Amino acid sequence: MILRSLLLFGLVVQLVFASPFASSYRKDVRPLVIWHGLGDSHSSAGMLEFAELIKSVHPGIFIHAVRVEESIEADQRAGWFGNVEEQITKVSEQLASIKELKGGFDAIGFSQGGQFLRAYVEIYNSPPVHNLITFGSQHMGISDIPGCKPGDILCRLAANAARAGVYTSWAQTHLVQAQYFRDHKNLDLYLATNHFLPTINNEVPSILKNNTYKANLVSLSNLVLVAFSEDQTVVPKESSWFGSFAPPDENVEEGTIIPLKEQPLYVEDWIGVRTLDESGRLALEICEGRHMALSRACWEPLVTTYAGGSLRAKDTLVVQS
């Protein structure tokens with residue numbers, strides 16, 4: 001009887017969180033959208049637990065978990081296989097259909113969910129994002145395919161396919177990780193064949209910079225980029241702060257990192273990161289530990305500061321031209 005009651009309680013919690021139209025929330029608190037990371041799903045045990053922890057910090061907050069697919073299994077698979085641009089379009093339509101989000105929302109992206117949310121802001125941003133927090137995201141891509149946990153069949157299939165030809169047409173439209181793989185040793189090939197990351201980073205020399213991407217990102221109240229000190233999944237880990245490996249050069253040691261403020265993307269302000277920084281709206285934070293080893297000491301101050309704001313308070317933006 002006790003076991004049955006616990007199971008029923010767990011089901012109720014999952015249904016409430018899974019539904020974007022849950023009624024028990026405070027309308028004066030800005031809602032929150034979360035996009036899970038690789039290998040996870042919208043209603044996994046970890047996502048449900050994190051949502052409850054956020055609600056303990058901001059009681060009554062409305063939370064929506066991005067779902068590329070409805071079923072947990074299909075949503076998890078979509079983190080490995082699919083066309084990222086199509087997925088982001090689908091998510092933009094999903095967010096626009098949720099009445100609780102129509103006034104705007106804060107957003108948290110875990111791992112690859114972070115750069116996907118950034119892409120949403122740059123391309124669509126309707127309804128608008130106010131504060132965007134990304135944890136361990138690959139904003140300047142990855143230069144190595146992450147290793148797989150024992151028994152993770154989806155990971156092995158995707159990794160093997162990517163290694164067989166990460167810049168083939170098939171990989172660039174069907175393998176999610178291939179669409180943000182940035183080979184620093186062959187940037188010309190990356191720029192010519194990758195249609196997702198170079199586009200949202202405005203880094204393709206032959207294409208005019210998309211001013212909408214910059215204008216939308218600059219509209220954020222705050223952009224918070226969180227890196228993990230011992231991250232071995234995101235290579236290089238500095239990608240979480242828009243850092244990247246330097247291209248091969250006889251005068252540069254292998255493994256040298258080009259930090260954010262030395263990136264052309266920042267210096268020439270291709271997408272507005274420099275504008276955000278110079279107006280005090282860019283925060284570079286670090287969590288101690290491995291990739292996505294989120295301690296409460298790390299996430300809680302950020303969620304306290306950048307989520308759960310009052311919808312009655314008018315946001316003030318200081319935008320520099």
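**Sheet and helix packing in a predicted model**

Val 33 stands opposite Ala 107 in S3, where strands are DSSP runs of E with at least two residues and helices are runs of H or I with at least four, numbered from the N terminus. This is a predicted model, in which local features need pLDDT of at least 70, side-chain atom pairs count only at pLDDT 80 or more, and totals for chains, interfaces and linings use all residues. Residues are numbered from 1 along each chain as its sequence is written, and side-chain values use heavy atoms, with hydrogens and water left out.

**The sheet**

- Strand S1 (residues 32–35) and strand S3 (residues 105–110) pair in the parallel sense over four bridges, pairing being assigned if DSSP finds at least two bridges between two strands.
- Six strands form an open sheet in the order S2-S1-S3-S4-S5-S8, with parallel pairing.
- At the edges are strand S2 (63–65) and strand S8 (282–287), each of which pairs on one side only.

**Helices H2 and H13**

- Helix H2 (residues 45–57) packs with helix H13 (residues 296–306) at an angle of about 55 degrees, their axes 10 Å apart; axes are lines fitted to C-alpha atoms, for helices over the stretch in contact, and angles run from 0 to 180 degrees between N-to-C directions.
- That angle makes H2 oblique to H13, because angles under 35 degrees count as roughly parallel, over 145 as roughly antiparallel, 65 to 115 as roughly perpendicular and the rest as oblique.
- Phe 50, Leu 53, Ile 54, Ser 56 and Val 57 in H2 meet Arg 296, Trp 299, Glu 300, Val 303 and Thr 304 in H13, contact meaning heavy atoms within 4.5 Å.
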